[in-house]
2 protein chains.
Amino acid sequence: MTVTVVGSIAFDAVKTPFGHRDRMLGGAATHFALAASFFDRVQVVGPVGADFGADEFDILATRGTDVTDVERIADGRTFFWAGEYGWDLNSRETLDTQLNVFAGWTPSLSSLSREAGVLFLANIQPELQRDVLEESRASFVALDSMNLWIEVARDALIDVVSRVNCLMLNDAELRQLTKRPNLLAAAREVLCWGPSIVVAKQGEYGATLVTDGSFFSLPAYPLETVIDPTGAGDTFAGGFVGYLARHGEEALSDDVLRQAMAYGTALASFNVEAFGTERVTRLTSAEIHRRVTELRDITRFEKAPVELVG
Amino acid sequence: MTVTVVGSIAFDAVKTPFGHRDRMLGGAATHFALAASFFDRVQVVGPVGADFGADEFDILATRGTDVTDVERIADGRTFFWAGEYGWDLNSRETLDTQLNVFAGWTPSLSSLSREAGVLFLANIQPELQRDVLEESRASFVALDSMNLWIEVARDALIDVVSRVNCLMLNDAELRQLTKRPNLLAAAREVLCWGPSIVVAKQGEYGATLVTDGSFFSLPAYPLETVIDPTGAGDTFAGGFVGYLARHGEEALSDDVLRQAMAYGTALASFNVEAFGTERVTRLTSAEIHRRVTELRDITRFEKAPVELVG
């Protein structure tokens, strides 16, 4: 199935303890597309400015991604984000956000993007997510968001969340959105709103999947050197949603969802090995399969009950 | 194999969003013993005061734990700790610490405690841990510590760590101790110092095991209601070390270590379901086995490679 992603395409300035980039291709839709394109045809929808050149379009189009719905606004500048990570990469500070072409932008989907069977609503204003959702013919929709929208547009966000199949959110944001301090209770609250799948992204700790009948938790792939976590969540989403899209015509079984978690986790682990899109652009499918196998190895244990006292 | 634990026996005052206890039995050695006693004979070594009564001795002696090395200091008061947990139980503030009988206490091991094949050095001053280690005949020693000792007695701590088989520490403390921001790099640094096993405790995210040849990560058991996390780490350690002690004469294979992680995780999940020792005291072995089975179910995935682009 074809996957449409609507979200930010950006230039990022990032500083981590391991180096910095003053201006590199980034954005949720970019990272998502680079991962999902391993699995399916991807349609990217989002605005860029006149500063967005042929090199950036080439990276976006990696593995055949269709960029005809990337709207180039001739008198505008591309969305810009600058951030700096702390010592252990678990904290980050946003230094600058320039909406640029995103201010006042309204998504418009070509028929190819509209007809895609799967839609990923990356983190943008909930009202825009709703507009896209209403235009789309997708049979499976996943959605990401962030603390800003929970704070300033909670009702609109809950409205659009209640109409999608899958919510993917950082665990802290899931707590914040539902006002429930317990992760499992928070996920179950969201399941009551409408979605049948909740994925809590847990950063260096991995990710957790909650559905009506199942719970699954997978650690992040262990890496001794993490260079830049920017885009890891969107790369995870690209792998997860991409894998599901490949099984689009089947009912989404628990097995398929768990395998999708593994592919998302593997993809995300490559993303953080270099700045921005540098690693995933040159990634091979053999590397992905190998890492999924390793993820199985590091989470497996055999049951060997011993006789206990009491 | 018999397991000796040396560490604090305490009265705790705990406040969580779900209630409070003004004075309940706690302490690292207490929680450890209650878990390890499911697997093996346990010898508890630690001081208590005149305020420590028959009821407390009874709980400590659950499942046959030997308390003859619990030293009752007639003119002293039992170690006291008071703390309060935040909204999502992931942060806690220490409100009061009264060393009481712990101030100036020197451990002295009976021959039974000294001869035990397995020793757990719970979180106490590193110099005391070293003294106990030198007295003990154990063939397998695990050690826990805390940020305080890393700050005020780092050299002494590294000295004793380098002489044990297994270090069990919170992941943030592991980073602090090794001055390495990356968990895997931090664990490998400790492996260079001497231990062959490093367990990083990750709170609500579970725990990670690192040895020379293997990496294993297990999420915490998902609970919708967590009442009081106090003692979860020591309960985990009791399950982990207790399971290993049951396999004490064998070489500790990777399989056995992973199963020990599962038993530790299961035990810890019960501990947090009620205040202090309330839940683990009345726990049954059938409940533990069931939860280990569930832990396998929530971490399993099958490999189902799809053909990828690129």
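A: Partly exposed here denotes a relative accessible area between the buried limit, under 20%, and the exposed limit, over 50%. A:E224, with a relative accessible area of 36%, is therefore partly exposed. The model is a predicted one.

A:E224 forms a salt bridge with B:R188, and their closest N and O atoms are 2.4 Å apart. B:R188 sits in helix 8 (residues 183-193) of chain B, while A:E224 sits in the loop between strand 13 (215-218) and helix 9 (232-246) of chain A, so this pair joins two chains. B:R188 is also partly exposed, at 39%.

Another salt bridge pairs A:R175 with B:E204 (2.8 Å, N to O). Here A:R175 belongs to helix 7 (residues 171-178) of chain A and B:E204 to the loop between strand 11 (197-201) and strand 12 (207-211) of chain B, so two chains are joined again. A:R175 is buried, at 5% relative accessibility, whereas B:E204 is partly exposed at 30%.

As for the chains themselves, a rotation of 180° with 0.0 Å of shift along its axis superposes chain B on chain A, with an RMSD of 0.0 Å. This is the relation of a two-fold axis. Of the interface residues of chain B, 100% are also interface residues in chain A, so the copies meet through the same surface.

Within chain A, the side chains of A:R163 and A:E134 form a salt bridge (3.3 Å, N to O). The two residues are 29 residues apart, A:R163 in the loop between helix 6 (154-161) and strand 10 (166-170), A:E134 in helix 4 (residues 126-135). A:R163 is partly exposed at 38%, and A:E134 is exposed at 52%.

Notes: Residues numbered from 1 in each chain as written. Chains lettered and ligands numbered in written order. Predicted model: local features only at pLDDT ≥ 70, side-chain atom pairs only at ≥ 80, totals over all residues. Heavy atoms only, no water. Least-squares fit on C-alpha atoms with pLDDT ≥ 70 in both. Contact = heavy atoms within 4.5 Å. Salt bridge = Lys/Arg side-chain N within 4 Å of Asp/Glu carboxyl O. Helix = DSSP H or I, 4+ residues; strand = E, 2+ residues; numbered from the N terminus. Buried < 20%, exposed > 50% of the residue type's maximum accessible area, 1.4 Å probe, protein only.
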